[in-house]
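Subject: Structure handover

Hello,

Please find the structure below. My notes on it come after.

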Amino acid sequence: QVQLVESGGGLVQAGGSLRLSCAASGRTFSNYAMGWFRQAPGKEREFVAAINMYDGSTRYADSVKGRFTISRDNAKNTAYLQMNSLKPEDTAVYYCAFDWVLTKSSYTTPNLGEYDYWGPGTQVTVSS
């Protein structure tokens, strides 16, 4: 079992920045990837970014490229999402997710069905 805890959400004005954190605990000794997804009211959950915790390979949704940066701290089993130049359309509940991957692979995926564990989510609100 793996437990995920997100933090760092809040209210920010358009153009501002926030940094989300996701700490994993439990069975984190094998290779895994961590992803960020978001879900706005009335919309489906969508992929934002992912990082492979073994080699740092990353993947981003087109809508956040150049504005968001995902990073990791393996010693803390934590992934971060630095969000800059925030827009009102970034308003959503942001979820962290955990995906077991093959040992020493650089695999990441945007497919939410492939993730094995999910955090409870953290609200991000961007005012115009």
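The notes cover the disulfide, the nonpolar core and the salt bridges.

This is a predicted model, in which local features need pLDDT of at least 70, side-chain atom pairs count only at pLDDT 80 or more, and totals for chains, interfaces and linings use all residues. Residues are numbered from 1 along each chain as its sequence is written, and side-chain values use heavy atoms, with hydrogens and water left out.

Disulfide

The count is 1 disulfide, a disulfide being a pair of cysteine sulfur atoms within 2.5 Å. C22 is joined to C96, with an S to S distance of 1.9 Å. The two cysteines come from distant parts of the chain, 74 residues apart: C22 is in strand β3 (residues 18–26) and C96 in strand β9 (residues 92–100). Strands here are DSSP runs (E, at least two residues), numbered from the N terminus. The torsion about the S-S bond is about -80°, so the disulfide is left-handed. C22 is buried at 0% relative accessibility, and C96 is buried at 1%. Buried means under 20% relative accessible area, exposed over 50%, and partly exposed in between (1.4 Å probe, protein chains only).

Nonpolar core

A nonpolar core is a set of buried Ala, Val, Leu, Ile, Met, Phe, Trp, Tyr and Cys residues joined through side-chain atoms within 4.5 Å. The largest one has 35 residues, of which L4, M34, W36, L81, M83 and Y94 touch the most other members. Strands that each supply at least two residues of this core include β1 (2–7), β4 (32–39) and β11 (122–127). Leaving aside neighbours within four places in sequence, the contacts of Y94 (heavy atoms within 4.5 Å) include E6, W36, R38, L81, M83 and V124.

Salt bridges

There are 4 salt bridges, each a side-chain nitrogen of Lys or Arg within 4 Å of a carboxyl oxygen of Asp or Glu. One of them pairs R38 with E46, the closest N and O atoms being 2.6 Å apart. R38 is buried at 7% relative accessibility, whereas E46 is partly exposed at 35%. R38 also forms a salt bridge with D90, at 2.9 Å between the closest N and O atoms. That pair links strand β4 to the loop between β8 and β9, 52 residues apart.

D90 in turn meets R67 in a salt bridge (2.7 Å, N to O). R67 lies in the loop between β6 (58–60) and β7, so this pair ties together parts that are 23 residues apart in sequence. D90 is buried at 1%, and R67 is buried at 11%. Through shared partners, R38, E46, R67 and D90 are joined into one network.

Regards

Definitions and conventions
Helices (H or I, at least four residues) and strands (E, at least two) are DSSP runs, numbered from the N terminus.
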